[in-house]
Amino acid sequence: MAPSDLTFGVFSDEAPWVLDDPAALAWREGLDEVRRATRAEVPALTTPRRVPPIGRMAVTLRHLGPAVATWWFGARRRGGPDSMGDLSRRLRLAAEALGPTYIKLGQIISAGRGVFPDVLVAEFERCRDQVPAEPFPVVRATVEAELGRPLHEVFERFDRTALAAASIAQVHTAKLRTGEEVVVKVQRSTVAPRVRADLAVLAWIAPHLVGRIPVTALANPPALVELFAETISEELDFRLEAENMLDVSAVLAELGQRRYVVPRPHPTLVTRRVLVMERLYGFAFDDLASMAEAGIDPADLVRAGMIGFLEGAMLHGVFHGDLHGGNLMVRDDGRVALLDFGITARFDEQRRLAFLRLMIGAMTNDVLTQLGALRDLGALPADTDLQQVSDDLGLEGPPIDPAALSADQLVDEVRRVVKALLGYGARLPKELMLYVKNLLFLDGAIATLAPDLDLIGVIAEVATHLTTTHGERLAAELGPVGIGAPGGLQVDLDGVKASLGVDPALEGFTYRDLQERRELIRSRLAARRS
């Protein structure tokens, strides 16, 4: 018989234990208050102190100071196309030397394409999250302190060598005394106080960086520190991560997205610094050879990923916030295992509805609806004149085809848009940045798995799915925003084609075609710099 918890979660069919009543799990008691308190702590963590932690400040300046100074008196003075690249590389190396907090900060920056310069984003995409594992005696001490028992009383086997070691935690495989194969996530022993000290340093430094080094566009340094604090503070309590696993699993189950599998957290072995979960098996997300051997269609996998990711955010306001190859496995049955829920985005109801309007406005090419949604998400100030923004940016006119512009025209247009947005006080809220980060991953996944996927066809397919599956709900929540028209959601495919620079008469446009257009734009910009 199928495990009973499959009625409310997308778990594996081979249950090592069954979560009959997730709401009654002892480690979930009081977590709503823990989550509220964690978020409420962010302003205190990001308010600059009169005097930052001196010791950590000294360490930070010892790494960042020479990096910036060397660039300032070297590549910056020489100018040319290598200046920003030199600064970006030095900042990335400094972040890696400073450890977990700065590595995580670098990864947040790497998600900000369009917010930060491309060269900075590209450099921080190389920021290594694989760091040396803590010695086993330290791991043992943490696990025993958190579980309140000697290791041998809980585990028949606990592998001393970490399966993976990252900036916040490391993962070990183990076997419980009751016989189940598990994965044990153990928080680094000093990471929580280190993160808080680093946030105090960053909060003190950030205001002094505004306008001084050219590494920001739509997000200024203080806003970036605030975003980072919101993201990392919840990662430090593994009970919240375990709850994220259950919530995302429940959302996917309710949506009928059974192409995904979420590991079950253990009913009792979850604490603030230790998370024991079901061990899942599979192969890498980009392993095309194994997919072919298992008879799995990569394009079908991509389509399911796009729909599942979009539905969870639009209809439930919850989605995995850190999609990348290391957090995904493909199982032999074609289902995708989602791993590592430390970063999970959660819209409150007001922001979920705003995000829903943003997505529907994009599909129907309704500019003012999109701008209003961005305002309600916090990307624009509450008193923004939306029509003025639209007029200033020329959003309601014919879309500009970047491939039709010269390099100079393209640079001028980008500068014009960024300057206008900065003038309006635009910024990128945490949830939107995580959404964009996931879109970038999906973009890369399409390039690897399904380069001949018809993008226009997929957009139409997604719209049809939303209308047929959720049309009644969308109409009730949105009213007449393209949903109530005869036939349901009226996607403006001509507008989509125009934004891509595609002839409206063209029926298909593949990802490979899009890549060719991007390469044309990149080559023009490279020629301009040289």
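Begin by selecting Phe355 and Tyr435, both of which are buried, where buried means under 20% relative accessible area, exposed means over 50%, and partly exposed lies in between (1.4 Å probe, protein chains only). This is a predicted model, in which local features need pLDDT of at least 70 and side-chain atom pairs count only at pLDDT 80 or more, while totals for chains, interfaces and linings use all residues. Residues are numbered from 1 along each chain as its sequence is written, and side-chain values use heavy atoms, with hydrogens and water left out.

Next, look at the aromatic rings. Rings of Phe, Tyr and Trp (its six-membered ring) pair if their centres lie within 6.5 Å, and planes under 30 degrees apart count as stacked, over 60 as edge-to-face and the rest as tilted; by this rule the count comes to 11 aromatic pairs. One of them joins Phe285 and Phe441, a tilted pair with 5.7 Å centre to centre and 40° between the planes. This pair links distant parts of the chain, 156 residues apart, with Phe285 in the loop between β8 (283-284) and α13 (288-294) and Phe441 in helix α19 (residues 430-449); helices (H or I, at least four residues) and strands (E, at least two) are DSSP runs, numbered from the N terminus. Phe285 counts as buried because its relative accessibility is 11%, and Phe441 counts as buried because its value is 16%.

Return now to Phe355 and Tyr435, which form an edge-to-face aromatic pair, 4.8 Å centre to centre with 75° between the planes. Here too the pair links distant parts of the chain, since Phe355 lies in helix α15 and Tyr435 in helix α19, 80 residues apart.

Two loop residues come next. Most residues other than glycine have a negative phi. Select Asp340, in the loop between β11 (336-338) and β12 (344-346), and note that its phi is positive, near 60°; Asp340 counts as partly exposed because its relative accessibility is 29%. Then select Asn365, in the loop between α15 (349-364) and α16 (367-376), whose phi is likewise positive and near 60°; at 40% relative accessibility, Asn365 counts as partly exposed.

Finish at Asp392, which lies in helix α17 (residues 386-393) and, at 34% relative accessibility, counts as partly exposed.
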